[in-house]
Amino acid sequence: MSQPVEQILVPYRKSELLHGFPVVRPLVGRSGDLAELVGWLDDEAQLFTLLGPPGIGKTSLATWAAMRWAQPAWFCDLSNCIDGDALRQALLASLGEPAGDGRRVEAALAEHAPSLVVLDNFEQLVGEAEQLASWRRAAPATRWLVTSRERLAIDGERVLELGPLGLPQGDTVEAATSVQLFLARARDAGGRGLDQLDAIATIVSALDGVPLAIELAAARTRLLAPAVLAERLEAGLLSMAKRGPSRHRTLADAIAWSWALLTPSEQRVLMGCAVFAGSFTAEGLERVLDADVIEPLASLRDKSLVHTVGEHRLGLYASVRAYARAQWKGQPSVWVDGLHKRHARLFVEMAAGFNRCRLLMTRDAPVTIPADLQRDLGNLQAALPHTEGVERIELASALVVLGGLEVEPPEPTPAMPPSTRAVAALARHRLWVSRGDFERGHALLEGLMADETMPLEARAMAAVVAGVRRRIEGDAMRAQIAHAWAAERLDPVAHPIVYGINVACMGRLGCDLDDADAAERFNTEAVRQQERVGEWWLAGLALANLAQRAQEQGDYAKAEALLERAIQRFREAGETTYESVYAAICGGLYLEQGRLELARRWFASAPVPDDLVSLGVPRLLHHGGYAVLEALENHEPEAEAQLERARRATAHADCALVHGLTELYVGAVDLALGRASADAWRARLRTEDDELARLRRTNVDVRFATRLVVLAMRRGASPVLKVHPEARWFELGGARVDLGRRGAPRLILRALVRAHVDGNGALGGDVLVAEGWPGERILVEAAATRVRVAIATLRKLGLREVIVTRDDGYLVDPGLAVDVVAEG
């Protein structure tokens, strides 16, 4: 038999101060909530409500808070109470008093004061909350801690709403509190396979981080390893028995308890919410239910059965959604069918708008639709089985572009609208390209360009896409022909968006071919025209082209400013994909300058989505650049991991550009890690008659990757400069040099390192005087002498090749990796 938790974790808490509390297990993942709640109990306020959905851990947290409080505490379970009289009798029984009326309760509270009373499971008694208000007035020395799925909504109530535990993010699986809870409970149950962290991450994510669901799943590891459990999780709700009140024995029981307290209107709205596969809006729910849902929806939110997901969106936890869907069986089939049809119609309309915005490049849809639809990928997939004909083509085409469908959209019939036929063709092209079937894709585009039954914009868009694909495949000549075909037929007034994207693509082609006039003329025109009509994402593309041109010319400040404007334009348009793509370009810009910390921030901040087709090259640029960064800092395993991601991103892209970029990134990594011969690479880059040389002449990304190879050759496996944050010491090549008593030289090195990390360039003598001798008034000549002596001292201590002198001052070598570490 397990010992009470307070004897294990809180030995200083006297058991005689706790009355009627359940035995709880060690608390996992709620330390911040516990600290906040205990802090509240020490305030003058009297009433605190722990709010949350079924299984979120309200009772456990309330019990732990009582254990941490320094006064007597009483626990009152209200799960069997349905009215005010039952509430009074339950409270008296918990206080060890005989049955009585309201005056008897007040007397008992006064007798036991000061104390804490925990009222557990108050949700079915919210209508009796005023009774609690009167007891507060009669017993001001009593603190009240209420657990409920619904707010009490009375004066003086302070609410702490509990959310799910933290879910795994990236590679930090074990750091997630949901994983920690799973592991703790699985060990308690004698579970097996607890090293299967990827499977455990899948399980806790599928369970939305809800503690009760995680505990039930963890208990099953006695029979099933996490990998097997993850595969079977979709079979339904977990039903592993759990000791305690009947309504908590399974997660389904806990939700059924809440369901029984809902009105018929609230139950109907909750079943409507369950048709959505992910988050949703109130407006979308009204469309699906064909009714006004605001009041019952607000009530469901107050009862913690619906939760907020970001701004203006709502959602259900997976367990609540599954329970609500199970209730469809008790509804007329016509009602359930209508629910699915209206849900499908809602997302068909969004998909059709997305297709015209992203595939045909028309202005028939709101500019926010691409960003909106990214969040609704699951809803699109759920709606697909409930569509046919034109609706199915529109939905399937959007799913292809978003990476949510790996089969071809249905073949359109000649009788279907030309715009739908064009959408299907362009979507199939994307799918074929993602599989590496380039020639079949080109044939489809050429057929679309020649089809005079199609709208001119659709034919021109096919030409633009053909030009982009030819450029990506390294065929600049055919790319020029395709863009010229579109330019001859498009009018900037009649076809502003397709015209604008074609001009921006010609500007990018000018950058690729190192044609300064074309790069400047076309991109500047695209920026001017698209900003005038408010097409911010197109303006962002042209600005990014100009930035890459400035970077290639060595004007890094101009490139940085242009990229900042471009990313701002993508944000204004809600274009998260392009924002991620050009965040990687920003990382490359800072990498080339040797500003490695800034490069890392950009590479890590917005990775290019892995679930979108036709983005193999952008992902290659992102992971390839990130790999070089890791190699320059001598992080070999991390560099290899990024290279592997780059290879996976372009697994189906069998073209010259991908081969050339991959060769260059791998070469840069090998050179930086000392695994390749610099002489061999110099000879490789001097060759002018091979495929790589041709790509260098026709692609700006290849030239950038080539510059990284040169940077890596120069750096080789050179040591990293490690510096204490206050420059109390530095290491270069393994030897640590103590600067603790060096005064001004230490302060000057600190300033130079900070400027290097922040990318602020050289520091002038006046700045270094202020840093090295703060507050002192020094004559100009004496100040200059002091700076020179301090710099000479640092160079003698081992930084001769590190500190560079320029006309505008001193700086740390821009090509040197600097690691600011606090250890030691």
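1. Confidence first. The protein has an average pLDDT of 86, and 92% of the residues score at least 70. Helix H12 (residues 264–273) has the highest confidence, at a mean of 96, while helix H1 (residues 5–9) has the lowest, at 33.

2. Two stretches to read with care. The pLDDT is below 50 over residues 1–14, a stretch that has 26 contacts in the model beyond near neighbours in sequence. Residues 237–247 also have a pLDDT below 50, with 33 contacts beyond near neighbours in sequence. Where pLDDT is low, predicted coordinates should not be read in detail.

3. A helix pair worth a look. Helix H31 (residues 636–649) packs with helix H32 (residues 656–672) at an angle of about 175 degrees, and their axes are 11 Å apart. H31 is therefore roughly antiparallel to H32, as the cut-off for that term is an angle over 145 degrees. On the H31 side, Ala639, Leu643 and Arg647 make the contact; H32 brings Tyr665, Val666 and Val669. Of these contact residues, 5 are nonpolar, 1 is charged and none is polar.

4. Helices H26 (536–552), H28 (576–593) and H35 (700–715) each give two or more residues to the lining. By type, the lining divides into 8 nonpolar, 3 polar and 3 charged residues.

Terms used. Residues are numbered from 1 along each chain as its sequence is written. This is a predicted model: local features need pLDDT of at least 70, side-chain atom pairs count only at pLDDT 80 or more; totals for chains, interfaces and linings use all residues. Side-chain values use heavy atoms; hydrogens and water are left out. Helices (H or I, at least four residues) and strands (E, at least two) are DSSP runs, numbered from the N terminus. Ala, Val, Leu, Ile, Met, Phe, Trp, Tyr, Cys and Pro count as nonpolar, Asp, Glu, Lys and Arg as charged, and the others, Gly among them, as polar. Axes are lines fitted to C-alpha atoms, for helices over the stretch in contact, and angles run from 0 to 180 degrees between N-to-C directions. Angles under 35 degrees count as roughly parallel, over 145 as roughly antiparallel, 65 to 115 as roughly perpendicular and the rest as oblique. Contact means heavy atoms within 4.5 Å. pLDDT is the predictor's confidence in each residue, from 0 to 100.
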